[in-house]
Amino acid sequence: LWSSMPDEKLLKLAAEGRLTDPTVKHREVERLLEDPRAEAFTRNFTVAWLRLDKLGKMPPEKSGPFRFYHDRKMEPMMVTQTTAYFADMVKRNQPIRFFIDSDYTYMNETIANWIYQRKDVYGERYQKVALNDPRRGGIFTQPSVMTATANGVDTSPVVRGVYILEYILVTPPSPPPPDVEPLAPDLRGATTIRQQLELHRESEACSGCHNKIDPLGFALENYGPTGVWRDKYENGRDVDVSGVLFNQHEFKTLVEFKQLLLKEKGRFMRGFISHLLSYALGRELGPADSPILDDLSSRALAGQDQMRVVLKSIAMSEPF
């Protein structure tokens, strides 16, 4: 929780053999989280979980509509916004379903003006702000994630869909068959990306994975390469986000998509808890970890999904 060596109190408790006492362990988790040094956890885990290290590798163009990203030095601000949101989740022991949707977020004046088009946030201090737009809640649609999953020029439903499967739901798709031509969508052409992917899915070798990937990616197409909302592409075509989630739930808007994710929140909870457990253990999870992951996920789905409750459950788990 501190990304550091144990302090004197922890070492003393360990020497006395008291860290096996559940009451003591619960108390120590609370103490560590209340310490300012817990910022190491909220930042390091958030960056690793959401792969925010990808920011800066393919930044938006320095000219045209994305010039503000460089002029205003948006990249570090985006990361700070996301880590501030995560830190608030931990501090206030919020339910982890709030990562999917919430009625608030954190932002400063620059983020508010340039990404959210809001003029009612003042100062560069990051502050909790009530959201008046149901499309903006949660953590996955924040500008940091939307920028990290874009290529600097435009967006790709395939890239974002794979990202959701791999890092959010932790059900990565199989790699494409070696004899399948890679898809190179061009939204500026006469054919839309949706039409191209529909043709791509006609191949049996491609349809299985793309039926899972594409709806997740299209659901996020209203967010441009820097997370700014758009109703149309640069070529004037309307953005169509409709799809079928998990091959069973139809949606037409991003708000409906989030509602369906909440309906199926067990999938997300298991994925998120697997990231937390892996981070806590300092290693990748294996088949032997499935029973504890099943147990932690079941408890979260049954209502024990508050951040600190989950963290304490991991600290009490046998692998830890």
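This is a predicted model: local features need pLDDT of at least 70, side-chain atom pairs count only at pLDDT 80 or more; totals for chains, interfaces and linings use all residues.
**View 1. The crossing of helices H3 and H5.** Two packed helices are described by the angle between their axes and the distance between the axes. The axes of H3, which covers residues 39–50, and H5, which covers residues 74–91, come within 9 Å and cross at roughly 115 degrees, and the crossing is right-handed. On the H3 side the contact is made by Phe41, Thr42, Arg43, Phe45, Thr46, Val47, Trp49 and Leu50, while H5 contributes Val79, Thr82, Thr83, Phe86, Ala87 and Val90. Sorted by class, these contact residues comprise nine nonpolar, four polar and one charged.

**View 2. The largest cavity.** Of the two cavities of 30 Å³ or more that are counted in the model, the largest holds about 120 Å³ of space. Its lining consists of 13 residues, and Ile100, Phe140, Ile164, Phe257 and Leu261 are those that lie nearest the centre. Helix H8 (157–168) and helix H11 (254–263) each supply at least two residues of this lining, with H11 giving the most, namely four residues. By class, the lining of the largest cavity has 10 nonpolar, two polar and one charged residues.

**View 3. The second largest cavity.** About 40 Å³ of space lies in this cavity, which is lined by Ile273, Leu296, Arg299, Ala300, Gln304, Val309, Val310 and Ser313. Helix H13 (290–301) and helix H14 (307–316) are the elements that give two or more residues to this lining. The lining residues divide into five nonpolar, two polar and one charged.

How values were computed:
Residues are numbered from 1 along each chain as its sequence is written. Side-chain values use heavy atoms; hydrogens and water are left out. Axes are lines fitted to C-alpha atoms, for helices over the stretch in contact, and angles run from 0 to 180 degrees between N-to-C directions. A crossing is left-handed if the near helix is turned anticlockwise from the far one by less than a right angle, and right-handed if clockwise. Contact means heavy atoms within 4.5 Å. Ala, Val, Leu, Ile, Met, Phe, Trp, Tyr, Cys and Pro count as nonpolar, Asp, Glu, Lys and Arg as charged, and the others, Gly among them, as polar. On a 1 Å grid over the protein atoms alone, a cavity is a set of points where a 1.4 Å probe fits but cannot get out, and a pocket is an open set with protein on both sides within 12 Å along at least five of seven lines; lining residues have an atom within 4 Å of a point. Grid points are joined across faces, edges and corners, and a volume is the space filled by probe spheres set on the points.
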